[in-house]
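This note is meant for a colleague who is opening the structure for the first time.

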Amino acid sequence: MLATFYNHTMESPATFFLIGIPGLQSSYLWLAISLSSMYSIALLGNTLIITVICMDPTLQEPMCFFLCVLAAVDIVMASSVVPKMLSIFSSGDSSISFNACFTQMYFVHAATAVETGLLLAMAFDRYVAICKPLHYMRILTPNVMLGISVTITTRAVMFMTPLSWMLSHLPFCGSNVVPHSYCEHMAVAKLACADPMPTSLYSLIFSSIIVGSDVAFISASYTLILRAVFGLSSKHAQRKALSTCGSHVAVMALYYLPGMASIYVAWLGQDKVPLHTQVLLADLYLIIPPTLNPVIYGIRTKQIRARIWSLLMHHVWEHSHSGNDLV
């Protein structure tokens, strides 16, 4: 039976067609403009974060290292879906090859798995910084940070590789129209002629384990952080300690709330929630965090904000100076 289930035959289509957002075709122009603006902000903001952290020696600390990796993952996550969405919304080009579809799916879901791991790493960083400040640099050495990053990436690859293999080896002998704006796992799985339940269960169980364990450890970290903060005698010290966690908490809310809503609405609310709402929620889950993460960290982190402002002013001054020389 397993041999039949994973029989990858010539029945699989050479091309899939992505509908976009069903029922919102009349709004595609405005969606394309909004999406293009958000994508530009995401690329510019995350590139600025990476550039500033790499250029400034004073920002070579563990939290900034994880922030730099997060910015790179955000670029990958947004770039995996937005260009094709823009193509659908602006020109109506909805076709995507079989291999490109599964490649897109792999990068999207792997990037989301890496991102949740990075949020856990950043929570651990805040725990060490606040609860064990004297041992901060001794605990979070460059080798430890590299090891954490490699472990997070390996976990994502180990999760996604079997899922992609199982799904890509299902027979697709019926419709090749995907009712989504990107190759979302469950939307593609429903097109298979064989029973997609094993792949869907694998996705739900392992994503729940990954996210559930990460959220549990993050909650434990913040429980210890709050206990340590409210044990401080100085109100000023309490506010300062809590403010260092503000950006991380905001980023976690941006990631986990729409993410969990998207996953469980797709599973439990298929008949109750309109399809265009489900698709729009899944799209925003991949677009909003990469757009707002650099804005949040750029505004709330004083060192990064000052360095970005200095970098921008330097380029403006150089541009105006070169213009004066030409005159």
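1. Overall layout. Read from the N terminus, the elements of the protein follow the order α-β-α-α-β-α-α-α-β-α-α-α-α-α, which amounts to eleven helices and three strands; here helices (H or I, at least four residues) and strands (E, at least two) are DSSP runs, numbered from the N terminus.

2. Basis of the values. The model is a predicted one, in which local features need pLDDT of at least 70 and side-chain atom pairs count only at pLDDT 80 or more, while totals for chains, interfaces and linings use all residues. Residues are numbered from 1 along each chain as its sequence is written, and side-chain values use heavy atoms, with hydrogens and water left out.

3. Of the 327 residues of the protein, 45% count as buried, where buried means under 20% relative accessible area, exposed over 50%, and partly exposed in between, for a 1.4 Å probe and protein chains only. Among contacts (heavy atoms within 4.5 Å) between residues at least 6 apart in sequence, 79% join residues at least 24 apart.

4. H4 against H6. Helix H4 (residues 98-131) packs on helix H6 (residues 142-168) at an angle of about 150 degrees, with the axes 9 Å apart; axes are lines fitted to C-alpha atoms, for helices over the stretch in contact, and angles run from 0 to 180 degrees between N-to-C directions. The crossing of H4 and H6 is right-handed, a term used if the near helix is turned clockwise from the far one by less than a right angle, with left-handed used if anticlockwise. Among the residues that meet are Phe102, Tyr106 and Ala113 in H4 and Ile152, Ala156 and Phe159 in H6.

5. H3 against H4. Helix H3 (residues 62-91) and H4 also pack with their axes 9 Å apart, at an angle of about 160 degrees, and are therefore roughly antiparallel to each other; angles under 35 degrees count as roughly parallel, over 145 as roughly antiparallel, 65 to 115 as roughly perpendicular and the rest as oblique. The crossing of H3 and H4 is left-handed.

6. H3 against H6. The axes of H3 and H6 come within 11 Å and cross at roughly 30 degrees, and the two helices are therefore roughly parallel. The contact is made by Pro62, Phe65, Phe66 and Val69 of H3 together with Met145, Ile148 and Ser149 of H6.

7. Alanine 156. This residue is placed in helix H6 and, at 1% relative accessibility, counts as buried. Not counting residues up to four places away in sequence, alanine 156 touches Ala110, Ala113 and Val114.

8. Asparagine 176. This residue lies in the loop between H6 and strand S3 (177-178) and is partly exposed, with a relative accessible area of 22%. Leaving aside neighbours within four places in sequence, asparagine 176 is in contact with Pro13, Thr15, Phe16, Phe17 and Leu191.
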